[in-house]
Amino acid sequence: MKKEIDFMRRAIELAKKGVGRVAPNPCVGCVIVKNDRIVGEGWHKRFGGPHAEIEALKKAGSRACGAVMYVTLEPCCHFGKTPPCTDAIIKSKVREVFAAMIDPSLHANSKGIKILRAAGIRTQIGLCEKEALAINQIFLKNVRCKLPYVTLKVAASLDGKIAARTGDSTGISCKKSLKFVHELRSEHDAVLVGAGTILADNPHLGVRLIKGKSPIRVILAGGQHIPASAKVFRDKNVIVFDSRRNINFVLKKLFERGVRSVLVEGGEKVFTSFLEAGAVDRYIAVIAPKLIGGARAKTPFSGKGIGEIKSALILKNVEFIQIGCDMVIDGLLNLY
């Protein structure tokens with residue numbers, strides 16, 4: 001199965017190119033192989049655009065006849081922004097389809113697989129499934145929970161401080177890490193902070209250091225007054241929750257407004273509220289090799305905390321990445 005795994009992993013790499021560009025659709029990659037050679041490949045590039053299978057079939061042309069297709073998600077069988085991919089696959093006379101995972105959406109959920117099999121196309125499910133699931137956690141949570149996917153990002157010193165005792169937090173992370181944060185913002189539909197962060201830092205919260213889309217700015221005002229001159233109000237791409245609302249209420253309202261992923265950037269009270277609500281799916285800590293100290297210096301979380309270490313939240317699928325002089329710890333609290 002080595003060659004089959006290699007071809008599916010190529011499809012997964014292609015699918016990753018759609019991260020931050022195709023929501024609310026899933027990221028999908030497709031490779032078409034004939035005589036052990038790739039004759040066509042593609043990925044879903046933008047919401048409303050051709051699906052990965054269509055892109056790959058277009059490149060393969062007549063060579064798709066009798067070929068094998070490797071696709072990271074079950075092909076769609078319904079009319080949406082585009083026609084069903086199953087129709088195009090059947091028409092192309094592909095002889096076999098490997099799909100990494102089933103599409104759990106109500107309009108899919110194995111229906112596409114059944115259509116292909118009924119047309120005489122041999123179909124196998126589950127090749128590199130774990131890797132395919134990993135790149136579509138946002139889509140999977142959206143479908144299964146009807147809530148946005150939540151990434152919490154903390155920038156802290158080596159001794160766990162997010163600001164000095166004066167409240168100053170400027171320059172904790174290095175410049176390369178700031179670029180990484182802008183990449184994260186471009187991959188999410190919204191970036192969320194509390195009023196305290198706006199009043200203390202007056203952040204821009206947009207994407208400037210890379211080429212990418214800027215997210216909606218979401219502010220949890222908590223009853224505090226935020227001046228109209230704040231940078232977050234530079235245009236109308238902002239949502240403010242004026243009164244104190246619980247986190248689940250906020251996430252439900254954001255989902256109703258089309259927000260499918262949220263990057264939570266601060267501050268301490270907001271971080272604590274999201275964690276205590278069990279609302280954090282992905283946790284990213286950018287750790288700078290700096291020591292701040294001070295009992296009054298802020299840490300990422302407050303609240304009651306745990307009583308015993310065995311009750312601590314444990315990240316899964318953890319990755320460690322060095323960016324400039326900072327260390328990034330990236331892991332998951334929920335898997336879908």
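At 10% relative accessibility, Asp-330 counts as buried, and in this predicted model its side chain takes part in a salt bridge with Arg-282, the closest N and O atoms being 2.7 Å apart. Arg-282 belongs to strand S11 (residues 282-288) and Asp-330 to strand S13 (residues 326-332), so the pair ties together parts that are 48 residues apart in sequence.

**Salt bridges**

- The count of salt bridges comes to 15, and one of them joins the side chains of Glu-265 and Arg-185, with a distance of 2.7 Å from N to O.
- Because Glu-265 sits in strand S10 (residues 261-266) while Arg-185 sits in helix H7 (residues 175-187), this pair ties together parts that are 80 residues apart in sequence; both Glu-265 and Arg-185 are buried.
- Another salt bridge brings together the side chains of Arg-217 and Asp-235, again described by an N to O distance of 2.7 Å.
- Arg-217 is part of strand S8 (residues 216-220) and Asp-235 is part of the loop between S8 and strand S9 (238-241), so the pair ties together parts that are 18 residues apart in sequence.
- Within this pair, Arg-217 is buried, with a relative accessible area of 1%, whereas Asp-235 is partly exposed, with a relative accessible area of 37%.

**Nonpolar cores**

- In soluble globular proteins, nonpolar side chains tend to be buried together.
- The largest nonpolar core here holds 46 residues, of which Met-8, Ile-32, Met-69, Tyr-70, Ile-89 and Val-97 touch the most other members.
- Among the elements that give two or more residues to this core are helix H1 (2-15), strand S1 (29-34), strand S2 (37-43), helix H2 (52-60) and strand S3 (68-71), and the largest share, 6 residues, comes from H1.
- Ile-32, when residues up to four places away in sequence are not counted, touches a set of residues that includes Ile-38, Val-39, Ala-56, Leu-57, Ala-60, Val-68 and Met-69.

**A buried loop residue, Val-232**

- Val-232 lies in the loop between S8 and S9, and it is buried, with a relative accessible area of 0%.
- Leaving aside neighbours within four places in sequence, Val-232 is in contact with Ile-198, Pro-203, Leu-205, Arg-217, Ile-219 and Val-238.
- The C-alpha atom of Val-232 is separated by 42 Å from that of Met-8, a residue 224 places away along the chain.

**A buried charge without a salt bridge**

- Asp-103, placed in the loop between strand S4 (96-99) and helix H4 (111-118), is buried yet has no salt bridge, and the nearest side chain of opposite charge, that of Arg-144, is 8.4 Å away.
- Apart from neighbours within four places in sequence, the residues in contact with Asp-103 are Leu-73, Glu-74, Ala-108, Asn-109, Ser-110 and Phe-139.

**A nonpolar patch on the surface**

- Val-318, Phe-320 and Met-327 form a nonpolar patch on the surface, and together they have about 270 Å² of accessible area.
- Phe-320, one of these residues, is found in strand S12 (residues 316-323) and counts as exposed because its relative accessibility is 60%, where exposed means over 50%.

**Backbone details**

- Ala-23 and Pro-24 are joined by a cis peptide bond with omega of about 10°, and Pro-24 is located in the loop between H1 and S1.
- A cis peptide bond also joins Gly-266 and Gly-267, here with omega of about 0°, and Gly-267 belongs to the loop between S10 and helix H10 (268-276).
- Lys-93 has a positive phi, near 65°, in a residue other than glycine; Lys-93 lies in the loop between helix H3 (85-92) and S4 and is exposed, with a relative accessible area of 56%.
- Lys-146, although not a glycine, has a positive phi of about 55°, and Lys-146 is found in the loop between H6 and strand S6 (149-157).

Key:
Residues are numbered from 1 along each chain as its sequence is written. This is a predicted model: local features need pLDDT of at least 70, side-chain atom pairs count only at pLDDT 80 or more; totals for chains, interfaces and linings use all residues. Side-chain values use heavy atoms; hydrogens and water are left out. Patches are made of residues with over 30% relative accessible area and no salt bridge: like charges are joined within 9 Å, nonpolar side chains (Val, Leu, Ile, Met, Phe, Trp, Tyr) within 5 Å. Accessible areas come from the Shrake-Rupley method with a 1.4 Å probe; for residues, only the protein chains shown count as cover. A salt bridge is a side-chain nitrogen of Lys or Arg within 4 Å of a carboxyl oxygen of Asp or Glu. Helices (H or I, at least four residues) and strands (E, at least two) are DSSP runs, numbered from the N terminus. Buried means under 20% relative accessible area, exposed over 50%, partly exposed in between (1.4 Å probe, protein chains only). Lys and Arg count as positive and Asp and Glu as negative; His and the chain ends are not counted. Contact means heavy atoms within 4.5 Å. A nonpolar core is a set of buried Ala, Val, Leu, Ile, Met, Phe, Trp, Tyr and Cys residues joined through side-chain atoms within 4.5 Å.
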